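Dear colleague,

Please find the structure below, together with its sequence. My findings follow it.

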Amino acid sequence: MKSVNEPVKNEAAIIKLINIFKRNAKDVDIEAEGKDFDFVENGELLVLLLCEGKIDIYKTSDNLLYACAMAPFILGIEGSFYRYDFYRFRLHHHCIVKTLTLNQCIELISAHDLIKTVLNYQAYLNDYTASRIELLVNRTSYEMVRGLLYELERLPHETRIKTSIINYIKYRSNLSKSGIVSIISTLRKGGYIEVCRGKLISISRKLPKKY
């Protein structure tokens with residue numbers, strides 16, 4: 001089943017930027033249990049290059065799992081002290097991550113005439129932020145579950161079949177487990193979704209807009 005529209009990630013542009021930025025970048029050591037990343041080092045803002053793996057992004061106010069950034073990905077070009085106070089960035093132990101200072105990044109952007117590429121990438125990040133707001137703000141429980149089911153469906157098959165539907169939705173919405181289970185059960189009985197051992201196999205037909 002084809003999912004609803006989503007922001008388009010231009011991986012070719014991201015890889016182009018990473019390949020240029022990493023010339024001035026250094027590796028980040030990550031402990032076996034993972035690591036929280038701080039975008040400020042010695043008073044300087046950093047830019048993070050996610051070459052492999054993923055980063056979980058949490059809202060500091062309620063520890064909501066706001067987003068998962070999958071490689072290739074770049075964070076920090078916007079250089080916002082304000083934004084970093086609202087989120088916590090958790091690196092998984094299998095990540096390959098490099099960093100450079102924001103000033104180094106700006107110099108490389110200028111030297112290699114990358115303004116258009118950077119703006120295209122920032123447009124994607126802005127679209128993604130807008131999509132999270134559309135999904136989670138002033139929405140009913142069902143509308144959040146519906147949107148997160150479509151999001152879960154878009155994950156690679158090998159990841160999706162290892163991911164608990166209930167946990168995926170709960171950590172990203174703070175909805176009660178019982179409420180999520182009730183909605184998933186209703187959709188399953190209605191033939192809208194195929195589930196096996198708590199994992200989403202597929203969305204069989206378009207999910208209704210109202211519960």
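Predicted model: local features only at pLDDT ≥ 70, side-chain atom pairs only at ≥ 80, totals over all residues.

Residues are numbered from 1 along each chain as its sequence is written, and side-chain values use heavy atoms, with hydrogens and water left out.

**Helix H3**

Helices (H or I, at least four residues) and strands (E, at least two) are DSSP runs, numbered from the N terminus. In helix H3 (residues 102-111), the buried residues are Leu102, Cys105, Leu108 and Ile109. Here buried means under 20% relative accessible area and exposed over 50%, with partly exposed in between (1.4 Å probe, protein chains only). The buried residues of H3 fall within an arc of 120° when seen down its axis, so they line one face of the helix; the arc is that of the directions from the helix axis to the C-beta atoms. Glu107, Ser110 and Ala111 are exposed on the other side of H3. The buried residues of H3 pack against helix H1 (11-21), strand S4 (44-52), strand S9 (96-101) and helix H4 (115-136), where contact means heavy atoms within 4.5 Å. Just after H3, Asp113 has a positive phi of about 55°.

**Nonpolar cores**

A nonpolar core is a set of buried Ala, Val, Leu, Ile, Met, Phe, Trp, Tyr and Cys residues joined through side-chain atoms within 4.5 Å. The largest one has 37 residues, and Phe21, Ile55 and Ile74 have the most contacts inside it. At least two residues of this core come from each of H1, S4, strand S5 (54-59), strand S7 (73-75), S8, S9, H3 and H4. S4 supplies the largest share, six residues. Another core, of 25 residues, lies apart from this one, and among its members are Ile166, Tyr168, Ile193 and Ile203.

**Helix H8**

The 13 residues of helix H8 (residues 177-189) should span 18 Å at 1.5 Å a residue, and the end C-alpha atoms of H8 are 18 Å apart, which agrees. The expected span is 1.5 Å times one less than the number of residues. Ile180, Ile183, Ile184 and Leu187 are buried in H8. These residues cover an arc of only 95° around the axis, which puts them on the same side of H8. The face turned away from that buried side carries the exposed residues Ser178 and Lys189. Helix H5 (141-153), helix H7 (165-173) and strand S10 (193-196) are included in what covers the buried residues of H8.

**Salt bridges**

A search of the whole structure finds eleven salt bridges, each being a side-chain nitrogen of Lys or Arg within 4 Å of a carboxyl oxygen of Asp or Glu. One of them joins Asp36 and Arg90, whose closest N and O atoms are 3.1 Å apart. Asp36 lies in strand S2 (residues 35-37) and Arg90 in strand S8 (residues 87-91), so this pair ties together parts that are 54 residues apart in sequence. Asp36 is partly exposed at 35% relative accessibility, and Arg90 is partly exposed at 23%. Lys59 and Asp62 also meet in a salt bridge, at 3.8 Å from N to O. A further salt bridge links Arg83 with Glu78, with the closest N and O atoms 3.7 Å apart.

With kind regards
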